[in-house]
Amino acid sequence: MNPFSSGTRLRDMIRSIRACKTAAEERAVVRKECAAIRAAINENDPDYRHRNLAKLMFIHMLGYPTHFGQMECLKLIASAGFPEKRIGYLGLMLLLDERQEVLMLVTNSLKQDLNHSNQYIVGLALCAMGNICSAEMARDLAPEVERLLQFRDPNIRKKAALCSIRIIKKVPDLAENFINPSASLLKEKHHGVLITGVQLCTDLCKVSPEALEHFRNKCTDPLVKVLKDVVNSPYAPEYDIAGITDPFLHIRLLKLLRVLGEGDADASDSMNDILAQVATKTESNKNAGNAILYQCVETIMSIEDNSGLRVLAINILGRFLSNRDNNIRYVALNMLMKAIAVDAQAVQRHRATILECVKDSDISIRKRALELVYLLVNESNVKPLTKELIDYLEVSDQEFKGDLTAKICSIVERFSPEKIWYIDQMLKVLSEAGNFVKDQVWHGLIVVISNATELHGYTVRSLYRAFHSSVEQESLVRVAIWCIGEYADLLIKNSGMLAGEESLDVSTTDAIDVVEVAINHHSDLTTKAMALVALLKLSGRFPSHSQRIKDIIAQCKGSLLLELQQRAIEFNSIIEKHQNIRSTLLERMPVLDETTYSGRRDGSLPTAPVKIPSGVAKPADAAPLVDLLDLGSDDTPMPGSSGNDFLNDLLGVDLSSTPSQPGASQAPNLGTDVLLDLLSIGNPVDSTSPTIDSLTPSKDSKSPLAALDALSSPSISAKASSPAGSGSMMDLLDVVSPVKPAPDNNGPAYPSAIAYESSSLKIMFDFSKPPGKPQTTNIKATFTNKTANAYSDFIFQAAVPKFLQLHLDPASGNTLPASGTGSITQSLQVTNSQHGKKAIVMRIRIAYKLNNKDVLEEGQVNNFPRNL
């Protein structure tokens with residue numbers, strides 16, 4: 001016989017495939033067998049159809065395509081005999097799924113088999129329907145399945161219940177048809193039928209509120225009785241597992257009771273006694289018992305309040321924590337995290353056991369226990385818990401130190417009773433795991449140290465000691481050199497000694513040595529830059545050591561990092577040439593605003609705009625509107641961007657515009673580079689606007705640029721005004737030359753348009769064009785509040801397609817008065833690279849706070865004037 005003919009037995013094909021040495025040999029065997037099966041299908045050979053389909057199922061399980069045999073399944077299902085139907089239904093469940101249209105052809109066969117006189121064929125049809133039933137099939141066959149729930153044979157009733165679960169999940173509208181039949185299944189004595197009936201009732205409660213209410217009122221007491229009978233039942237070998245009668249039925253009953261008791265005090269009260277009985281009588285030395293106890297605890301935590309039961313449940317979880325099985329301890333920790341919200345005091349009793357879990361060898365248990373400890377901390381136990389965690393930090397694994405330090409720092413920051421304790425704990429963490437600490441942690445520590453004036457001496461001495469024992473910890477080194485730069489005089493003089501504190505004998509040379517070690521032993525840019533600043537500060541504190549400090553700083557002049565090179569050159573210049581301003585320049589930093597820092601870090605206060613260096617990709621959150629119109633172009637200007645950032649970095653001064661005087665007009669910020677503006681060679685401003693001479697500070701001037709005079713730089717005292725219509729830049733050498741103003745020409749007029757209007761807000765756009773630039777449009781947006789309540793934190797944002805460029809100027813304010821009694825204005829400039837071909841379109845987003853609640857409105861502006 002041909003080994004690959006349709007008559008080949010299944011076991012022979014399996015033996016041939018397993019004998020293959022390589023994947024190529026296996027593919028060859030499968031390919032020949034599939035060819036033989038296709039030939040048999042084409043010949044419509046009924047004798048070997050069931051054998052061929054069995055082969056196809058094996059080939060399908062190996063991962064090869066078998067779609068060509070799907071119709072054979074339908075032919076076998078339509079056969080009269082049980083063996084053919086069994087192979088046909090098995091192939092149907094394996095080779096097809098509910099998404100395939102071929103399945104529609106089998107509905108009629110299923111209906112006939114569900115009404116068949118042979119109960120085994122009925123069972124085959126129910127199994128197939130329970131596995132691949134689609135929504136259409138469920139609607140057509142639901143009456144037959146509902147009828148079979150009352151069938152005489154328990155196996156058919158069990159399969160019908162499982163099939164009903166699939167039907168109500170596919171078509172929830174049919175749930176009401178199964179409420180009464182499923183309730184009758186709860187009276188069954190056969191455990192197989194009972195467990196499927198309980199599961200059917202549970203799923204009905206989830207998809208139908210009517211079913212939930214029905215079972216709550218009619219079935220709670222019967223279910224409690226069933227559970228009590230199961231708990232107190234005598235030994236039955238057919239249901240016994242590890243000495244417990246049918247733990248699977250236990251668990252299903254507890255789950256259904258949890259659903260019924262959640263949110264209903266009467267139902268919860270009726271099941272309290274049986275839950276207490278299950279919790280106390282179930283043995284916990286076997287996995288089956290632990291599974292029942294876990295479900296019992298979960299049910300107790302979900303039903304309405306009963307403090308005694310909850311304490312009992314939490315004590316069970318405490319016993320779980322002492323179990324040697326990691327899985328049991330893990331689920332116990334998970335449940336305790338949920339229990340904290342219900343009864344934190346009961347969980348606190350197991351604090352010592354939970355802390356031991358933090359030191360477990362299993363990383364999953366360590367992390368979960370750490371999260372639980374974090375939730376347990378409060379003002380009364382913060383000190384002992386923090387001590388335990390810091391002690392463990394010394395011996396913990398490297399991969400766990402990151403999570404552990406993050407939690408310790410957060411605990412210390414949230415629950416610190418006093419600043420000295422906060423500083424002590426943070427120094428311990430930095431000494432043990434400073435390389436794992438995030439930047440915001442040591443930033444916050446510096447802010448706290450700055451505010452703790454009476455602890456400056458104590459802190460700098462503690463950091464000096466810690467530095468010598470933990471010089472490899474980057475974050476500790478940064479905080480130490482910052483404090484030495486600020487408070488080195490207190491370190492040397494032993495000022496601000498606390499009671500019981502040991503004095504230190506530190507010389508000026510020792511303080512400088514610390515900073516020099518930081519520069520030589522650390523390659524991080526931030527650490528080296530902070531060390532250079534500290535050295536500059538020390539040169540002001542100890543002028544007699546300026547030469548040594550200058551020599552140390554000079555080592556960085558040849559650095560490949562531009563930042564260090566620039567700082568080294570500038571700092572040495574200050575030490576050598578600017579003795580007259582050095583003492584003022586190097587004064588101790590003022591106290592940092594702790595509230596403002598905390599607010600900005602938590603996001604409750606606006607932060608400074610992110611400055612993106614040239615050549616560095618924009619961060620994902622730099623342009624929140626980028627997804628509105630798929631704005632992916634890198635050259636699209638950032639909303640509200642300005643050219644002040646360069647000079648801010650160069651001189652370290654704030655050039656943000658000060659609020660205008662009442663009644664005075666404020667010139668719009670056109671985003672011109674400030675260095676060009678200083679020489680009056682940038683984009684011209686309106687000739688009617690007052691021109692400010694930035695380099696000649698007047699008597700009343702508050703400009704930070706007035707400090708430039710102190711650097712003895714030659715000043716340029718010339719008032720320059722630019723014509724409104726001029727688009728060319730002035731020659732650098734003609735800075736002080738007078739320029740004749742050009743005649744005003746505002747270009748063509750365009751009608752105003754209502755860009756956006758809702759029941760609460762109205763936005764008007766006024767349009768104008770600069771002469772000679774038809775592709776550029778200036779827009780003045782006016783925002784009016786239509787409600788009786790004022791809006792605070794008002795922010796307007798806009799986005800345009802890639803062929804447009806958008807520039808937004810700062811708004812005139814961030815509070816919009818109520819009832820149209822005032823308005824906010826904001827200037828926009830749109831440049832259309834496809835002018836004359838494509839019209840301007842814009843997506844807008846308006847955010848504000850109304851009664852301390854965030855409100856967000858969005859819209860699209862399509863009604864721009866034609867030819868704009």
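Helices are DSSP runs of H or I with at least four residues, strands are DSSP runs of E with at least two, and both are numbered from the N terminus. With that in hand, let us look around. This is a predicted model, where local features need pLDDT of at least 70, side-chain atom pairs count only at pLDDT 80 or more, and totals for chains, interfaces and linings use all residues. Residues are numbered from 1 along each chain as its sequence is written, and side-chain values use heavy atoms, with hydrogens and water left out.

**View 1. Leu94 sits in helix 5.** Leu94 has 33% relative accessibility, so it counts as partly exposed (buried means under 20% relative accessible area, exposed over 50%, and partly exposed in between, with a 1.4 Å probe and protein chains only). Which residues does Leu94 touch, leaving aside neighbours within four places in sequence? They are Met57 and His60, where contact means heavy atoms within 4.5 Å. Look for Met61 too: its C-alpha atom is 8.6 Å from that of Leu94, although 33 residues separate the two along the chain.

**View 2. Helix 4 (residues 70–77) meets helix 5 (residues 82–95).** Their axes come within 7 Å and cross at roughly 145°; axes are lines fitted to C-alpha atoms, for helices over the stretch in contact, and angles run from 0 to 180 degrees between N-to-C directions. Helix 4 passes helix 5 in a left-handed crossing, a name used if the near helix is turned anticlockwise from the far one by less than a right angle, with clockwise being right-handed. From helix 4 the contact includes Cys73, Leu74 and Ile77, and from helix 5 it includes Ile87, Gly88 and Leu92. By class, this contact has 8 nonpolar, 3 polar and 2 charged residues. Here Ala, Val, Leu, Ile, Met, Phe, Trp, Tyr, Cys and Pro count as nonpolar, Asp, Glu, Lys and Arg as charged, and the others, Gly among them, as polar.

**View 3. Helix 26 (residues 456–469) is mostly covered.** Of its 14 residues, 11 are buried, including Tyr458, Val460, Arg461 and Phe467. What covers these buried residues? Helix 24 (419–433), helix 25 (439–451), helix 27 and helix 28 (508–521) are among the elements that do.

**View 4. Helix 27 (residues 474–493) bends at Tyr487.** The bend is about 85°, taken as the angle between axes fitted to the seven residues ending there and the seven starting there. From first C-alpha to last, this helix of 20 residues reaches 27 Å, close to the 28 Å expected. Because 18 of its 20 residues are buried, helix 27 is largely enclosed by the rest of the structure. Just after helix 27 comes Asn494, with a positive phi of about 55°.

**View 5. Ser819 and Asn851 lie in loops between strands.** Ser819 is in the loop between strand 7 (804–808) and strand 8 (823–832), and Asn851 is in the one between strand 9 (842–850) and strand 10 (853–861). Ser819 is not a glycine, yet it has a positive phi of about 55°. Asn851, not a glycine either, also has a positive phi of about 55°. Are they buried or exposed? Ser819 counts as partly exposed at 49% relative accessibility, whereas Asn851 is exposed, with a relative accessible area of 57%.

Note on methods:
Expected span 1.5 Å × (residues − 1).
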